[in-house]
Amino acid sequence: MRPGGLCAALTPESLDDIFSQDVVGADYVEVRLDYLKEPQQAENARWDRFPVPVIATCRGVDRGGRFQGSVTEECKILDTAVANGAKFVDIDFQYVRKFGAAEVIASYHNFDHTPPDLESVIEQACATSAQIAKVATHVNRWADNRRIFDALARKWDKPIIATGMGDLGQITRIAGPSRGSFLSYAFSGNESAPGQISLKDMLNVYKFRRLKSSTKLLGVLGMPVGHSKSPILHNRAFEASNLDFAYVKLPANDLDDFFDNARQCGIEGFSVTIPHKVAVIPFLSRLELEASRIGAVNTVSLTSEGWIGDNTDIHGVRAALRSVGFDSAGKRVIILGRGGGAKAAEAAVEGAREVSLLSRSDDLESSDFDCDLLINATPVGMFPNVDESLVNGDIKAAVVFDMVYNPPITQLLRNAQNQGKTIVQGSTMLVAQAARQFEIWTGQQAPIDVYTPDWSGV
């Protein structure tokens with residue numbers, strides 16, 4: 001098995017589903033035979049039709065799979081798969097045996113949590129006659145990610161695969177092979193485990209092939225972060241600049257848990273988004289001038305002093321307003337929201353005649369929003385709630401700016417556009433503040449061909 005490989009996991013209902021999947025870019029293909037409506041129908045399938053080696057597995061329902069038969073029947077199906085060209089067999093470590101000339105992966109799955117004795121579980125899998133040991137456990141806390149990375153850092157008698165399931169465990173899927181895991185799984189079609197990332201995203205968004213043990217991990221900290229397009233933007237910029245960085249999603253509700261484990265997971269900096277832009281401050285060693293002035297942080301770097309907080313949102317807001325030629329001097333501005341984004345917007349329109357901040361708890365229905373500039377600094381209208389807007393009906397503002405960038409045109413902007421108002425998309429702010437983040441983290445000038453408002457990849 002090739003170290004640090006990428007495996008396309010297939011969850012077919014029929015044989016046609018298997019051979020119609022796009023697995024370009026994968027080093028291996030795992031075929032979940034237990035997903036077939038009738039696993040026995042694979043009896044005559046030729047697995048050497050794939051251009052890469054096939055891993056056959058047929059997991060029983062008591063081990064998180066769908067196969068209704070006995071372990072004996074499972075093994076019979078796997079024996080046939082090997083006879084038909086499968087090069088590997090994945091089976092629960094309790095039932096490991098020889099399968100012809102195939103290499104065996106002794107696996108352990110826990111869809112509920114990551115056990116505190118994770119390394120003991122790996123030792124049990126390694127103690128079998130299998131050639132490879134595998135653990136896949138559900139990540140509920142950042143401490144679980146730390147245990148997985150700690151296990152990968154240890155020297156084992158045989159190759160191991162260690163991966164975290166669930167959204168919080170995605171960092172182990174992306175960075176695991178560069179830290180010692182022999183394999184990472186990505187889906188082609190439908191995911192076969194919680195938190196699995198698509199094969200295309202692993203290759204094209206997270207630049208899986210670029211990751212090495214020396215790669216510095218950055219990301220976006222918040223909850224939720226599933227909608228974030230920042231990994232697309234930053235990873236493309238790192239690749240264009242030939243820098244050894246990778247940017248991932250860092251979902252976290254519990255900041256104590258995150259900061260207790262972030263360094264040990266290899267994280268050296270991150271963006272901060274909703275709801276942590278203010279809450280993150282007590283965990284930092286120092287604030288840069290803009291962050292201190294605004295009272296909110298959207299950029300964090302790890303230095304010899306510890307975690308340092310900065311704010312590039314103000315840079316992004318200014319760039320967004322410049323893009324439509326808006327000068328706030330002497331103008332009336334209404335900002336929807338009172339969080340970190342709203343604080344940055346308030347600082348960015350310095351010189352305005354009047355600035356009003358309204359929260360969702362205010363009586364927005366009775367507000368006439370008669371102003372020169374209306375800014376939405378709340379997540380209302382963000383994917384997946386794309387039909388929502390805090391302002392409906394007549395919009396009296398001359399310019400309407402929505403910080404939400406997914407979708408590119410929110411319901412608020414659509415309403416404003418239909419009324420002939422000048423609109424400013426959140427993606428304009430996104431790329432401007434992200435370019436400044438790039439410079440903070442790398443010490444280099446941001447590549448202008450990536451960080452431009454009309455960049456179509458965001």
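How many nonpolar, polar and charged residues does the lining of the largest cavity have? Five are nonpolar, four polar and five charged, where Ala, Val, Leu, Ile, Met, Phe, Trp, Tyr, Cys and Pro count as nonpolar, Asp, Glu, Lys and Arg as charged, and the others, Gly among them, as polar.

The structure is a predicted model, in which local features need pLDDT of at least 70, side-chain atom pairs count only at pLDDT 80 or more, and totals for chains, interfaces and linings use all residues. Residues are numbered from 1 along each chain as its sequence is written, and side-chain values use heavy atoms, with hydrogens and water left out.

One cavity of 30 Å³ or more is present in the structure. On a 1 Å grid over the protein atoms alone, a cavity is a set of points where a 1.4 Å probe fits but cannot get out, whereas a pocket is an open set with protein on both sides within 12 Å along at least five of seven lines; lining residues have an atom within 4 Å of a point. Grid points are joined across faces, edges and corners, and a volume is the space filled by probe spheres set on the points. The largest cavity has a volume of about 130 Å³. Its lining comprises 14 residues, of which H109, K134, S192, A193 and Q196 lie nearest the centre. Two or more residues of this lining come from each of β2 (28–32), β6 (132–138) and β7 (160–165); helices (H or I, at least four residues) and strands (E, at least two) are DSSP runs, numbered from the N terminus.

The largest pocket holds about 690 Å³ of space. Of the 36 residues that line the largest pocket, T273, I274, K277, D313 and G341 lie nearest its centre. At least two lining residues are supplied by each of β12 (267–272), α11 (340–348) and α13 (426–442), and α13 gives the most, with five. By class, this lining has 15 nonpolar, 17 polar and four charged residues.

For the second largest pocket, the volume is about 350 Å³. Its lining consists of 23 residues, with Y206, V225, G226, H227 and K249 nearest the centre. The elements β9 (197–198), α7 (230–240) and β11 (245–251) give two or more residues each to this lining. Twelve of the lining residues of the second largest pocket are nonpolar, seven polar and four charged.

Helix α13 is mostly covered, as 14 of its 17 residues are buried (under 20% relative accessible area, with exposed over 50% and partly exposed in between; 1.4 Å probe, protein chains only). The expected span of a helix is 1.5 Å times one less than its number of residues. At 1.5 Å a residue, the 17 residues of α13 should therefore span 24 Å, which agrees with the 24 Å between its end C-alpha atoms. G443, which follows α13, has a positive phi near 75°.

Five strands form an open sheet in the order β17-β16-β18-β19-β20, with parallel pairing; two strands pair if DSSP finds at least two bridges between them. The edge strands, β17 (354–358) and β20 (422–424), each pair on one side only. Strand β19 (residues 399–402) runs parallel to β20 and is joined to it by three bridges. F401 has V424 in β20 as its bridge partner.

G25 is found in the loop between α1 (15–19) and β2. This residue counts as partly exposed because its relative accessibility is 31%.
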